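Please open the structure in your viewer and keep the sequence at hand.

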Amino acid sequence: MFFTKMLIPTLREAPSDADIISAKLMIRAGMIRKLASGFYEFLPLGLKVLRKVENIIREEMNAAGGQEISLPLIFPKDLWVETGRWNIYGKELFRLKDRKEAEFCLAPTAEEAVTDLVRKEIKSYKQLPLMLYQFGAKFRDEIRPRFGVMRAKEFLMKDAYSFHSDEADLERYYKIMFDAYTNVCRKCGFKFRAVEAASGAIGGSFSHEFMILADTGEEEIAWCDCGYGANSEKAECLPISQPKEESLSLEEVLTHNVGAVEDVAKFLEASPEKFIKTMIYKADGNPVVVLVRGDHEINEIKLQILLGADDIVLADEQTVVSITNSPLGFAGPVGLKGVKIIADLSVVKISNAVSGANKKDYHLKNVNYNRDYNADIVADIRKVMHGDICPKCKKENLRFSRGIEVGHVFKLGTKYSKSMNATYLDTNGKENLIVMGCYGIGVTRILAATIEQSHDDNGIIWTDNMAPFNVVVIPVNYADAKIKETTDKLYKELTSKGIDVLVDDRDERAGIKFKDADLIGIPYRITIGEKNLEKGHVELKARRDGKEGIKLLSPQEASSEIIRIFNK
């Protein structure tokens, strides 16, 4: 392909609203343009990269026994009502009506549609296991789209769904898909970690996220060299023991106009580790009291999973007052009746704790578990924090990194098959629910994550298999007959071997061509200049190696070297 024949509108500067390096470089390199908030147009270069990433993923899906399908982008409301997600999914779900007033949604994911397809077509155990996958646009009405294509309202996703006769077969296949996603990340050249994760709105019993390590990542992951890893929503927290003290008598203390843990700690000259933080939540509308240590934070995801609730929100002031008989800021576990109490593992280890007294301007000292209060459930419900011990090896402190989620694999079990009555007949003719797995990977997000991990001051640095072109041939003066002849011969030789070549035939200075080649991130550059050509040489340079990677070779040697690299 010749530069003058392509739409490659490179820019020297990125728009002011491009907020991370991947967005800036994709816009500057002429790969994308913003149509509206959260919606991006893919230009020829960007689409070429997108298709190459698709092919990397498709190879792994086919190797895992998947069959590619294509589902509609618009789903009928009825399917989502069957699973209960029409209301649960919330405002992120794009909803619309047709001219007959029938209700639909734009696909944010496709569990309902694919389960509906399978329940109509799969009748016998002989048809299982089955894995279906697709590449398709997904839509989520993000409240604040940002980070370019990283968090947009429309994005390209590969979603796959597997169907099994039992949990054991799902477990077997889950490992196959875990390995397939690992292979995708490796082929893309990522530094990454697969970590345990909460399943969120998709649901299911178990899941892993594939996190690309990057300082700009929105999520925090906790990990250990022993192999443990989890995102901050899922990371397991071991109970933290405190020195056992002789139980002292319960004491009520006046704390006038002091309510927050930090303020009360300062007032009482006590450590936050000695405090019981008492929060009132509503789980599907029902009040619940939640207790964590004063220096800890409640993990609402863990709490929601523990309670099996569809919705968890902090209780309103009226509810708090009705439960504690006191204004906000003075809640405590002592004396509470008629409400479920959930305590974190570390709370019940505190001797002679401090808590609210359920009385305005008063706190209690020397609060002890079992003597002064009890909990209906004691469980891990707090957020992981620096200094926590690895729950797997129980030896090392957890380490923390920022990450970009590019893939997520789930064990769905019978969550969707049960609500949608997707069944099969076993060897005895008995009807059973189909067991499901779900596997998603963000294709557009992979582009952005790659750039976040792999760039320099000059632009993008693509891997050989993801770059829009494998090599750029830059004739310093394409109007020169000898340079043109050498350029055209190289182009013909390389393209005949399946090498993706861009010839920068523009009437521009060499420096501009070099800058654009580096900005776009093409892995290899062959420069053909008059002086070197007189000596029988062209210049071969690897994008990753900088000036140190420049080699002077004959045109034939340069061609052979490129062919060797891409056919090894």
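The stops below concern a pair of helices and then several salt bridges in this predicted model.

Begin by selecting helix α1 (residues 21-28) together with helix α11 (residues 443-453), whose axes lie 8 Å apart at an angle of about 105°. The two helices are therefore roughly perpendicular to each other. Next, display the side chains at their contact: Ile21, Ser22, Leu25 and Met26 come from α1, while Leu447, Ala448, Ile451 and Glu452 come from α11. Six of these contact residues are nonpolar, one is polar and one is charged.

Turn now to the salt bridges, of which the whole structure holds 41. Select Lys282 and Asp316, which are joined by a salt bridge of 3.2 Å from N to O. Lys282 belongs to strand β14 (residues 276-283), and Asp316 to the loop between β16 (312-314) and α9 (317-324), 34 residues apart. Lys282 is partly exposed, at 23% relative accessibility, and Asp316 is also partly exposed, at 35%.

Proceed to Lys302 and Asp380, whose closest N and O atoms are 2.9 Å apart in a salt bridge. Lys302 sits in helix α8 (residues 300-307), and Asp380 in the loop between β20 (377-379) and β21 (399-413). With 9% relative accessibility, Lys302 counts as buried.

Then select Arg543 and Asp518, which form a salt bridge of 3.7 Å, N to O. Arg543 is buried, with a relative accessible area of 5%, and Asp518 is buried at 14%.

Finally, select Arg12, Asp504, Arg506 and Asp516, which a network of salt bridges links.

Notes. Residues are numbered from 1 along each chain as its sequence is written. This is a predicted model: local features need pLDDT of at least 70, side-chain atom pairs count only at pLDDT 80 or more; totals for chains, interfaces and linings use all residues. Side-chain values use heavy atoms; hydrogens and water are left out. Axes are lines fitted to C-alpha atoms, for helices over the stretch in contact, and angles run from 0 to 180 degrees between N-to-C directions. Helices (H or I, at least four residues) and strands (E, at least two) are DSSP runs, numbered from the N terminus. Angles under 35 degrees count as roughly parallel, over 145 as roughly antiparallel, 65 to 115 as roughly perpendicular and the rest as oblique. Contact means heavy atoms within 4.5 Å. Ala, Val, Leu, Ile, Met, Phe, Trp, Tyr, Cys and Pro count as nonpolar, Asp, Glu, Lys and Arg as charged, and the others, Gly among them, as polar. A salt bridge is a side-chain nitrogen of Lys or Arg within 4 Å of a carboxyl oxygen of Asp or Glu. Buried means under 20% relative accessible area, exposed over 50%, partly exposed in between (1.4 Å probe, protein chains only).
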